[in-house]
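These are my notebook entries on a two-chain model. I set down what I looked up, one topic at a time.

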Amino acid sequence: MTGWQWLALAGLGAFHGLNPGMGWLFAVAIGLQERSRTALLRALPPIAAGHAASVLVVAGLVGVFQSVLATRFVAIGGGVVLVGFGLWRALSKRHFRWAGMRLSPVQLISWSFLMSSIHGAGLMLLPVLVAGPAPAGMAGMHDHLAAAGASLWTGLAATAVHTVAMVAVAGVIATVVYEVVGLSILRSAWINLDRLWAYALVGAGVATVAVAVSS
Amino acid sequence: MALWKPDPSFYPSPRQAVSAPPEKLAYLAAFDRSAQQPDAIAVLDVDPDSGRYGQVVGWTDMPYVGDELHHFGWNACSSALCPYAPHPHVERRYLIVPGLRSSRLYVIDTKSDPRQPEIVKVLEPEELAKQAGYSRPHTIHCGPEGIYVSALGGADGNDGPGGIALLDHNTFEVLGRWELDRGPQYLAYDFWWHLGHDTLITSEWGTPSMVEDGLVGELLLGRKYGHALHFFDLRKRRHQQTVDLGDQYQMALELRPAHDPTKEYGFASVVVSVEDLSASIWLWHREGDRSGSHGAASRAGTVGQWAATKVIDIPAEPADPALLPPILQPFGAVPPLVTDIDLTVDDKTLYVSCWGTGELLQYDVSDPFKPVKTGSVRIGGIVGRVPHPAAPDQPLRGGPQMVELSRDGRRVYVTNSLYGSWDDQFYPEGVGAWAIKLDADPNGGMSLDERFFPNGDDFRGRRVHQVRLQGGDASSDSYCYP
């Protein structure tokens with residue numbers, strides 16, 4: 001992966017961290033409920049872990065597919081999935097069930113994983129992940145395995161960079177809202193990111209397909 | 001259509017909701033006891049600067065007769081900001097209005113013309129029965145997972161159990177029965193929750209056969225009406241604990257949990273004790289937590305069992321049997337009949353309606369274990385028939401019944417009808433129809449607003465039951481942040 005790809009992964013991480021639905025708001029709520037900043041900070045690792053797991057699924061799949069298929073096909077296939085998912089997000093009005101305010105760390109990881117997955121957090125990274133060249137040659141079976149191994153490591157690294165950026169931004173926002181700004185900010189600043197996300201997913205999907213077809 | 005910014009009537013915390021702007025309109029459920037005319041939602045002008053202040057300025061008839069509109073609620077409210085299932089861009093614009101007798105549910109849009117709300121959907125009783133197995137929908141609450149509707153009765157010929165159905169807050173379709181495990185709970189009435197503690201509480205009245213034709217004396221004296229509170233895990237939808245108040249405490253109805261989500265206490269009202277006709281207010285709390293319940297116990301991981309403590313006793317008032325309706329003549333006394341209570345958004349003041357004696361009481365509940373009476377206003381009543389100062393020559397029947405509070409706690413709205421067949425038993429000469437407003441002093445005390453007295457023909461022959469305030473009120477919104 002090139003420098004700008006790493007940068008883009010981190011940037012998208014920051015974008016995800018910004019979204020109240022991805023976890024910082026939950027961390028603030030837990031902090032307020034327990035009247036403790038420590039409780040707020042304790043909520044961040046499970047949120048990050050769930051988000052990372054969700055992203056890793058996509059990054060890992062892209063890496064594995066890329067090592068056995070031409071990048072172009074992965075890009076086109078992934079792009080189509082992305083457009084479909086984005087449209088579903090834009091049109092669907094379903095919302096989250098089963099969770100509550102008092103979750104154990106494991107439940108919080110699951111919540112974050114599901115929240116990130118249904119929002120398509122990992123899929124949004126697709127254009128960046130498929131932008132680079134396939135990690136290895138296309139010769140024998142042995143090479144395939146080695147390539148798959150290498151791309152898994154790349155996927156892990158991509159997930160790590162993305163998640164660190166995400167949780168850093170989420171943590172800063174959560175702390176600032178908890179300590180300084182207060183919750184009234186929600187009333188004015190909580191713009192409908194769900195809709196924005198849906199459009200971003202469709203846009204990313206179209207761009208991925210377009211680039212792959214024209215290259 | 002979803003909004004780009006959160007609905008401006010949503011507030012993350014009760015502390016912020018207290019500063020919400022004053023309401024300009026109020027919605028009232030109005031019903032025709034004779035089922036000759038359709039029931040209606042009446043719209044009241046509650047803007048003191050308006051030329052039509054205190055008047056009925058809008059009216060929406062239902063398409064059928066005999067619904068008996070009762071408690072109703074908003075499609076969405078401040079709980080939409082909850083962090084685990086956020087949907088802050090849903091609009092608060094639809095009233096979900098149940099017909100307690102017909103089991104129909106109406107969805108009424110207040111946005112296109114707030115003074116002339118429009119029915120946009122009618123859910124027939126078959127849908128509630130098929131999807132959730134319930135009938136006689138009663139109380140509506142907007143919650144984190146959608147719209148919750150309590151129902152008194154079962155379906156397909158079953159009298160019970162009553163329980164809670166869940167509705168989708170976009171399509172208004174009945175999603176199903178809420179309870180996964182209802183434990184011993186059979187009777188239903190009111191419900192609300194402690195969002196910060198994933199706890200839902202329900203109360204008990206009776207099944208349809210026990211209430212629809214009026215209060216049944218044998219059932220009351222046989223102590224068969226509800227007298228327990230049920231605590232459920234809101235997340236797992238499972239029954240956790242029953243707290244029995246004692247079977248002499250008949251009809252444990254209204255539930256008003258603290259709005260502060262870190263707290264674990266609330267108030268429940270009991271209509272009548274069969275031992276002395278008194279009414280009572282109970283505080284539910286964690287066992288061993290007498291410190292104002294700041295949730296310290298659950299933070300420390302030592303959560304006690306739920307318990308209930310009687311904190312207010314309201315005695316019956318002796319009366320000349322000649323002045324009493326037949327149902328009360330053997331007792332020679334008027335029971336207070338506490339039929340509704342309401343807690344201010346700041347959790348500091350509790351209002352108590354005594355529908356029998358015709359008295360509205362105000363208590364300082366800053367220490368919930370030690371309420372202090374701070375105000376009392378007499379109006380109507382079985383014996384008193386106290387008139388409103390705006391019409392001092394007009395004796396009033398019915399008493400303070402449903403009570404609703406503005407979010408800042410400064411305005412109190414009250415209506416006078418309880419439930420058709422019960423009105424007829426306790427006020428056999430006719431309960432009339434009136435709505436009043438009181439101005440509350442934040443330091444204690446309240447006084448009737450003499451400019452506000454819509455009554456009688458203003459309501460076109462209907463009786464008036466519950467009030468909802470535009471933008472939200474003390475008994476509609478719940479919060480996930482302290």
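This is a predicted model: local features need pLDDT of at least 70, side-chain atom pairs count only at pLDDT 80 or more; totals for chains, interfaces and linings use all residues.

**Entry 1: a hairpin in chain B**

I looked up β17(B) and β18(B) and found that they form a hairpin with five residues between them. In the turn, B:L277 has a positive phi of about 65°. Strand β18 covers residues 279–286 of chain B, and five bridges join β17(B) to β18(B) in an antiparallel arrangement. I recorded one facing pair: B:F267 stands opposite B:L283 in β18(B).

I then checked the link between β17(B) and β16(B). Strand β16 (residues 249–257) of chain B runs antiparallel to β17(B), and six bridges join the two. B:S273 in β17(B) is the bridge partner of B:Y249.

How many residues of β17(B) are buried? I count a residue as buried if 20 or more other C-beta atoms lie within 10 Å of its own. Eight of the eight residues of β17(B), which spans 266–273, are buried, so this strand is largely enclosed by the rest of the structure.

**Entry 2: two open sheets in chain B**

I traced an open sheet of four strands in chain B, in the order β12-β13-β14-β15, with antiparallel pairing. Its edge strands are β12 (191–194) and β15 (238–244) of chain B, each of which pairs on one side only. The twist from one strand to the next averages 25°. Within this sheet, β14 (residues 228–233) of chain B and β15(B) pair in the antiparallel sense over six bridges. I noted that B:D233 stands opposite B:R238 in β15(B).

I next followed an open sheet of four strands with the order β3-β2-β1-β30 in chain B, where the pairing is antiparallel. The edge strands here are β3 (56–65) and β30 (463–469) of chain B, and each pairs on one side only. Neighbouring strands of this sheet are turned by 20° against each other on average, direction ignored. Six bridges connect β1 (residues 25–31) and β2 (residues 38–45) of chain B in the antiparallel sense. B:A26 stands opposite B:L44 in β2(B).

**Entry 3: the contact between the chains**

I looked up the interface and found 27 residues of chain A in contact with 30 residues of chain B. On the chain A side, α2 (24–34) and α8 (185–189) each supply at least two residues. Which helix gives the most to this side? It is α2(A), with six residues. The residues of this side divide into 14 nonpolar, seven polar and six charged.

I then examined α2(A) itself. Ten of its eleven residues are buried, so α2(A) is largely enclosed by the rest of the structure. Among the buried residues are A:W24, A:F26, A:I30 and A:Q33. Just after α2(A), A:R35 takes a positive phi of about 50°.

I checked the span of α9 (residues 193–214) of chain A: its 22 residues reach 31 Å from the first C-alpha to the last, close to the 32 Å expected at 1.5 Å a residue. The buried residues of α9(A) are A:D194, A:W197, A:A198, A:L201, A:A204, A:G205, A:T208 and A:A212. They cover an arc of only 130° around the axis, which means that they lie on the same side of α9(A). On the other side of α9(A), I found A:Y199, A:V213 and A:S214 exposed.

Terms used: Residues are numbered from 1 along each chain as its sequence is written. Chains are lettered from A and ligands numbered from 1 in the order in which they are written. Two residues are in contact if their C-beta atoms, placed from the backbone, lie within 7 Å. Ala, Val, Leu, Ile, Met, Phe, Trp, Tyr, Cys and Pro count as nonpolar, Asp, Glu, Lys and Arg as charged, and the others, Gly among them, as polar. The expected span of a helix is 1.5 Å times one less than its number of residues. A residue is buried if 20 or more other C-beta atoms lie within 10 Å of its own, exposed if 12 or fewer, and partly exposed in between; C-beta atoms are placed from the backbone. The arc is that of the directions from the helix axis to the C-beta atoms. Two strands pair if DSSP finds at least two bridges between them. Axes are lines fitted to C-alpha atoms, for helices over the stretch in contact, and angles run from 0 to 180 degrees between N-to-C directions.
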